[in-house]
Amino acid sequence: MSEYKGIKGFQVQTRTEDPAPFAQALADNPYAGAWSSGGSLNQSRSLLGGAGIQTAALALGGDGGSPVPVTGADTESYNGSSWTEVNALNTFRYGLSGIGLYTAALAVGGAQDPNSVANLDAVESWDGTNWTEIAEINTGRSFMGGRAAGTQTAGLVYGGQNTYPATNVMAVTESWNGSAWTEVADLNTARRSLAASGTSTAALAIAGQEPSDSAKNESWNGSSWTETGDINSARRLLGGSGTSTSTLVFGGNTPTVAITESWDGSSWTEVADLATARYGPGSGGTNNTSAIAFGGHSTANTGVTEEWSFSGVQPTDAASYADAIIGDFYYNSTTGQFKQVNDGGAPIGAWASSNNMNSARFLQGGAGASHSAALVFGGRNPGLSPGPNVVLTESYNGSSWSEVADMNVAAAYWA
């Protein structure tokens, strides 16, 4: 007699509980993300820098309209529900990059005058209370990517513009080691107003302006940039948060959009939009499951804050289900049953009531390919003394029975 091991190449596994393969887990608990309202900034502004995470963020600088200097140096701290004004930057600016945490951050570069030829090379360090001027970047610029760090002592800035007009875009990348900036490998495609995510050794440079709006995405491995999967919607001045394998980007221009996309390390998926379409928001977050977007420009500068929350199974969770082979048999020692691994396509069975047949009987014949297209014929009338065989035929359409043409000869399971 053939054994299962001889056919499949391995023995039937014994499990204490039913396994959930990735396909089934994803069907049962699909990726679901949504934006919800958070506390508004005290100063409405756009083109600001951001650092930190959803529950502990920092908003720095930005364009508050007229006069720019009033809010262009403004700094606010977020505790997960409300913003508090703290000590301002030493140098007012917009189009800057924020790097690090809300208690240990860097404010890098930026601009002070939209028509100015020169952009700032100034860098300031935040210790949770005060800003201190430190070593300047080698190339002054604004609108660069630069949220690629987890601390003040390791950072990366890339792209941007260093002259007016905005069509003069850059590919320059600089790395920060806690005391000095060093120029490293350039981006493959020069651009400004791009989104950034990751760390100083594993980052993404997403979208931006080349000068036309870009959908390009480049990945940094600590020494070089590699082009990888494009986002679905080309745009500039978008927000971003996350790692090189788990990123969320949102908003942007042109036109002003609310589009949100999630990166799983290999592809982008459009998910729930921001409630308020905007460009130039500040942002914070360390992955695509928890992020914050604040400020930006909608029909005017806004102070609106939105928080992104995630639930469900992600593609990156697939490895957790690798031991469950779809279609394989196993023995559940808890229930004492032999079972087959479900692939998520076959639902868990359950009985539900439907309409009765027109004529009660037993020992009838039946045919059909599904529960919405069936045929019953013949049988025997019920009773204490079984009645005669019948010729009745009924058809089922998924909700009700209808009598159709009779059989030529009355018959039941036995004569």
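**A chat about buried residues, rings and a cavity**

Visitor: Leu237, buried or exposed?
Guide: Leu237 has 13% relative accessibility, so it counts as buried. Buried here means under 20% relative accessible area, exposed over 50%, and partly exposed in between, with a 1.4 Å probe and protein chains only.

Visitor: What should I know about the model?
Guide: It is a predicted model, where local features need pLDDT of at least 70 and side-chain atom pairs count only at pLDDT 80 or more, while totals for chains, interfaces and linings use all residues. Residues are numbered from 1 along each chain as its sequence is written, and side-chain values use heavy atoms, with hydrogens and water left out.

Visitor: Back to Leu237, where does it sit?
Guide: Leu237 is in the loop between E17 and E18. Its phi is positive, about 55 degrees, although Leu237 is not a glycine. Most residues other than glycine have a negative phi.

Visitor: Which other residue has a positive phi without being a glycine?
Guide: Phe143, with a phi of about 55 degrees. Phe143 belongs to the loop between strand E10 (131-134) and E11, and it counts as buried because its relative accessibility is 11%.

Visitor: What lies over the face of Phe143?
Guide: That's Arg192, at 4.6 Å from the ring centre. The test for a charge over a ring is NZ of Lys or CZ of Arg within 6 Å of the ring centre and within 35 degrees of the ring normal.

Visitor: How many aromatic pairs are there?
Guide: The structure has 11 aromatic pairs. Rings of Phe, Tyr and Trp (its six-membered ring) pair if their centres lie within 6.5 Å; planes under 30 degrees apart are stacked, over 60 edge-to-face, and the rest tilted. Tyr158 and Trp225 are edge-to-face because their planes stand at 65 degrees, with the ring centres 4.8 Å apart.

Visitor: Which strands hold those two?
Guide: Tyr158 is in strand E11 (residues 155-158) and Trp225 in strand E17 (residues 225-228), 67 residues apart, so the pair links distant parts of the chain. Both Tyr158 and Trp225 are buried. Trp225 also pairs with Trp220: the centres are 5.1 Å apart and the planes at 45 degrees, so this pair is tilted.

Visitor: And which rings form a cluster?
Guide: Trp35, Phe250 and Trp308 are linked by ring pairs.

Visitor: How many helices and strands are there in the chain?
Guide: Three helices and 30 strands. These are DSSP runs numbered from the N terminus: helices are H or I with at least four residues, strands E with at least two. Of the 415 residues, 45% are buried.

Visitor: Switching topic, what about Glu76?
Guide: Glu76 lies in strand E5 (residues 75-78) and counts as buried because its relative accessibility is 0%. Its side chain reaches the backbone nitrogen of Gln43 at 3.0 Å.

Visitor: What volume does the largest cavity have?
Guide: About 310 Å³, and one cavity of 30 Å³ or more turns up in a search of the whole structure. A cavity is a set of points, on a 1 Å grid over the protein atoms alone, where a 1.4 Å probe fits but cannot get out; lining residues have an atom within 4 Å of a point. The volume is the space filled by probe spheres on the points, which are joined across faces, edges and corners.

Visitor: Which residues are closest to its centre?
Guide: Of 25 lining residues, Leu48, Leu96, Leu194, Leu238 and Pro281 are closest to the centre of the largest cavity.

Terms used: Polar contact = N/O pair within 3.5 Å; in protein donor to acceptor, adjacent residues only side chain to side chain. 1 Å grid on protein atoms, 1.4 Å probe; cavity = no way out; pocket = protein on both sides within 12 Å on 5 of 7 lines; lining within 4 Å.
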